[in-house]
Amino acid sequence: MTSIMPAVFLGHGSPTNALEDNGYTRTWQQLGKSLPRPRALLVVSAHWFIGATAVTAMAQPRTIHDFYGFPKALFDFDYPAPGLPELAGEVAEIAKPHWVGADHDQWGLDHGTWSVLAHMFPKADIPVVQLSINALKPLDYHLELASKLDALRHQGVMILSSGNVVHNLRLVQWERADFGTDWAQRFDDAVAAQLMDAPADILKTTEHPDYLKAVPTPDHFLPLLYTAGLAAASGQVVKPLLRGYAMGALSMSGYGVGTADTDCHTGADAARSPEGVPPDQTNL
């Protein structure tokens, strides 16, 4: 396989998107059909946010239901994609001198991964390896690691980052499905402009006046840095794939690197958090 694989960032929102047919999930489906088939997927999910850099190295990763208060159908959902232990070794080698541990039995595929892949690749027949987000490292570490991982795109590996540019669960307005507050839209637009203008300088957005409200915790923002770092390393442009908002305080924006022929869509009707359960208690 000689062509370079795309890299993609998607705002995953509520895990219930895995079961729904809406303006976001239909776009994810179209995206999966339009992209070249990779040898494997390396996924950076906001929900594997730990004190180390690690990759899943099991042959058959389990489907993790890492949330609370959602319907039983979501806890019953299974995404039985195989793993690819050899890719874990490739990641560890490419990342040197940074250390990357091999996780043989602790993690698996969390909802930041399978809620999106359920639509992009519904047959679950492409091997999936997750890369943890090291919570102990500074922001520029993640950009540097991403630049090293770019080599994998030349080896048939598609790198998918899954989080949300804007993610403030304490300010979620449950009943307003497609609403984005003024501060959420300002920050989301600033990030979009920075990605398209100079992705290597994505950390400039941390100086934006709405940054602390849009990113009260770094876990959902950090996956975006991997896509920005991959764009900077490859010299490819970043293209918007999807724009939209959910419940006032979530951005559902998505971006692609090496996806020049893919149109940008405006999403609608994103899945919401469970009624009666505070969003910040759901692990949304």
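Modeller: The loop that joins strand 8 (245-246) to strand 9 (250-251) contains M247. This is a predicted model, and every value that follows is computed from it. Most residues other than glycine have a negative phi, and most peptide bonds are trans. In M247, phi is near 55 degrees, a positive value in a residue other than glycine. Is this residue buried or exposed? M247 has 0% relative accessibility and therefore counts as buried, since buried means under 20% relative accessible area.

A second residue with such a backbone value is D269, whose phi is near 60 degrees, again positive in a residue other than glycine. D269 belongs to the segment after strand 11. Its relative accessible area is 45%, so D269 is partly exposed.

The segment after strand 11 (265-266) also holds A270. With a relative accessibility of 5%, A270 counts as buried. Which residues does A270 touch, leaving aside those up to four places away in sequence? They are N17, N22, Y24, A177, D178, A246 and M252. By contrast, V129 lies 26 Å from A270, C-alpha to C-alpha, and 141 residues from it in sequence.

The backbone has a further feature to record, at P97. The peptide bond from K96 to P97 is cis, with omega near 15 degrees. P97 is found in the loop between helix 3 (85-94) and strand 4 (101-103).

Not counting residues up to four places away in sequence, L149 touches L42, V91, I94, L131, I159, Y226 and L230.

Two packed helices are described by the angle between their axes and the distance between the axes. For helix 5 (residues 139-149) and helix 8, the axes come within 7 Å and cross at roughly 50 degrees. The two helices are therefore oblique to each other, and the crossing of helix 5 and helix 8 is right-handed. On the helix 5 side, the residues that meet helix 8 include L139, H142 and L149. Among their partners in helix 8 are L222, Y226 and L230. By class, the contact of helix 5 with helix 8 has eleven nonpolar and three polar residues, and no charged ones.

Technical notes. Residues are numbered from 1 along each chain as its sequence is written. This is a predicted model: local features need pLDDT of at least 70, side-chain atom pairs count only at pLDDT 80 or more; totals for chains, interfaces and linings use all residues. Side-chain values use heavy atoms; hydrogens and water are left out. Contact means heavy atoms within 4.5 Å. Axes are lines fitted to C-alpha atoms, for helices over the stretch in contact, and angles run from 0 to 180 degrees between N-to-C directions. Helices (H or I, at least four residues) and strands (E, at least two) are DSSP runs, numbered from the N terminus. Angles under 35 degrees count as roughly parallel, over 145 as roughly antiparallel, 65 to 115 as roughly perpendicular and the rest as oblique. A crossing is left-handed if the near helix is turned anticlockwise from the far one by less than a right angle, and right-handed if clockwise. Ala, Val, Leu, Ile, Met, Phe, Trp, Tyr, Cys and Pro count as nonpolar, Asp, Glu, Lys and Arg as charged, and the others, Gly among them, as polar. Buried means under 20% relative accessible area, exposed over 50%, partly exposed in between (1.4 Å probe, protein chains only).
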